[in-house]
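Here is a friendly walk through one model. Have a look at the sequence and the coordinates, then read on.

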Amino acid sequence: MSARDTICAYADRQESVYRQIALDIHEHPEVSNYEFYACERLSKQLEAEGFSVTTDVAGHRTGFSAVYKSGKPGPVLVFLAEYDALIGLGHGCGHNLFGATSCLAAASLRQVIDGVGGEIRVYGTPGEEGGENGSAKGSFVREGFFSDVDAALCVHPGDRNEASSKNIACAPMDIEFWGKPSHAAVAPEKGINALDALILTYNGINALRQHVTPDVRIHGIITHGGDAPNIVPAYASAKFYFRAAAVPTLEALCKRIENIVEGAALMTGAKGSMKPSQNRVDNMVPTPSFDAVYGKEFEQLSGESIRFSSGCGIGSSDVGNVSQQVPTIQPTICITDKPTPWHTEESKAASKSEKGLASIVLGAKTLALTALDLIDDPDLLRQIKEDHAKQVKDQ
């Protein structure tokens with residue numbers, strides 16, 4: 001039996017196992033830094049598949065690294081696994097499928113890796129949706145988990161079959177002010193109003209919107225504005241997401257907003273702070289030649305073509321942090337028969353539907369065969385790495 005046939009046969013045999021994993025994770029939705037059930041479910045399965053697994057990695061208690069070394073020379077290929085849910089909704093973005101698909105892809109490729117050479121890793125990366133200690137891929141990059149990696153692969157559930165696309169960088173920030181409490185009626189002159197400083201900042205950011213490039217997105221909420229109307233607020237806070245098409249634009253935007261915070265502090269006498277609430281999310285850098293390999297395998301398996309787009313999405317994902325370092329694909333695989341907005345009850349239902357569950361084995365086969373192509377053809381991998389370097393330089 002050929003390596004390709006071995007991969008596909010194994011994925012078919014294990015389909016029911018990974019379907020059940022996806023359903024179990026769907027029934028146990030967990031948000032960033034609390035994905036204990038999902039982390040254990042996936043990591044234990046990879047241990048059973050012969051991987052050496054380490055949990056609590058890169059500063060993330062619900063992250064994991066699973067490694068299988070063939071003992072023969074070859075590239076280091078990483079499958080990225082996501083498994084966090086959305087606050088209040090559950091698995092409305094299909095990450096229960098995402099993690100299961102990546103793990104099945106790695107397990108299927110493991111069946112042939114001793115013969116073809118190389119090393120397989122699965123990185124379990126918590127909190128793609130953000131939240132407490134969120135966007136773990138940024139930590140994995142910072143801690144050197146990709147320093148010796150040749151390429152990274154994953155596929156995201158969606159309402160169409162589409163190649164990896166550009167998206168925008170995002171800096172989640174906490175803005176805080178500290179003032180001085182006082183009785184608001186009896187001795188207001190002795191107080192320093194932290195809420196006033198925050199409102200000045202909020203209005204200053206709104207004024208800035210007129211003077212930014214079209215790719216910029218700014219959205220925020222006030223999370224604390226005081227304790228009682230008759231007490232001058234001594235503390236006020238807000239959470240903001242600042243987004244832009246590329247990191248340099250985002251960094252310049254954040255600097256301008258830091259100036260607004262400093263100005264509000266000066267005007268009110270309050271002490272101000274703006275600091276990241278989690279890892280920054282970098283913009284995605286697609287490598288079309290890499291997606292073309294995935295697209296070829298997908299068409300051979302499914303009879304359908306994937307769509308390539310030259311546009312830029314307005315969302316953000318920490319897969320962008322990985323794509324800045326190594327060639328990375330994150331195409332979408334269709335799990336619904338109708339256009340479906342994500343982060344909704346409809347997408348949550350699609351994430352446990354028959355079509356959604358069927359996407360696991362199709363996505364896993366496609367990813368594993370794409371990885372096999374890179375192992376079998378060093379020239380192809382070399383060209384993809386050169387293309388990626390150019391894309392990063394020209395972004």
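Which residues in helix 1 meet which residues in helix 3? From helix 1, the residues include Ala3, Thr6, Ile7, Tyr10 and Ala11, and from helix 3 they include Asn96, Leu97, Ala100, Cys103 and Leu104. Contact here means heavy atoms within 4.5 Å.

This is a predicted model, in which local features need pLDDT of at least 70 and side-chain atom pairs pLDDT 80 or more, while totals for chains, interfaces and linings use all residues. Residues are numbered from 1 along each chain as its sequence is written, and side-chain values use heavy atoms, without hydrogens and water.

The axes of helix 1 (residues 3-27) and helix 3 (residues 95-116) come within 8 Å, crossing at roughly 150 degrees. The two helices are therefore roughly antiparallel (angles over 145 degrees).

Now for the nonpolar cores, which are sets of buried Ala, Val, Leu, Ile, Met, Phe, Trp, Tyr and Cys residues joined through side-chain atoms within 4.5 Å; buried means under 20% relative accessible area with a 1.4 Å probe, protein chains only.

| Core | Size | Residues, among them |
|---|---|---|
| Largest nonpolar core | 59 residues | Phe64, Phe79, Leu109, Val122 |
| Another core | 28 residues | Val247, Leu250, Cys254, Ala265 |

Valine 122 touches Leu46, Phe64 and Phe79, among others, not counting residues up to four places away in sequence.

Finally, threonine 201 sits in helix 5 (residues 194-208) and, at 0% relative accessibility, counts as buried. A polar atom of the threonine 201 side chain lies 2.9 Å from the backbone oxygen of alanine 197.

Note on methods
Buried < 20%, exposed > 50% of the residue type's maximum accessible area, 1.4 Å probe, protein only. Helix = DSSP H or I, 4+ residues; strand = E, 2+ residues; numbered from the N terminus. Polar contact = N/O pair within 3.5 Å; in protein donor to acceptor, adjacent residues only side chain to side chain. Axes fitted to C-alpha atoms, helices over the stretch in contact; angles between N-to-C directions. Parallel < 35°, antiparallel > 145°, perpendicular 65-115°, else oblique.
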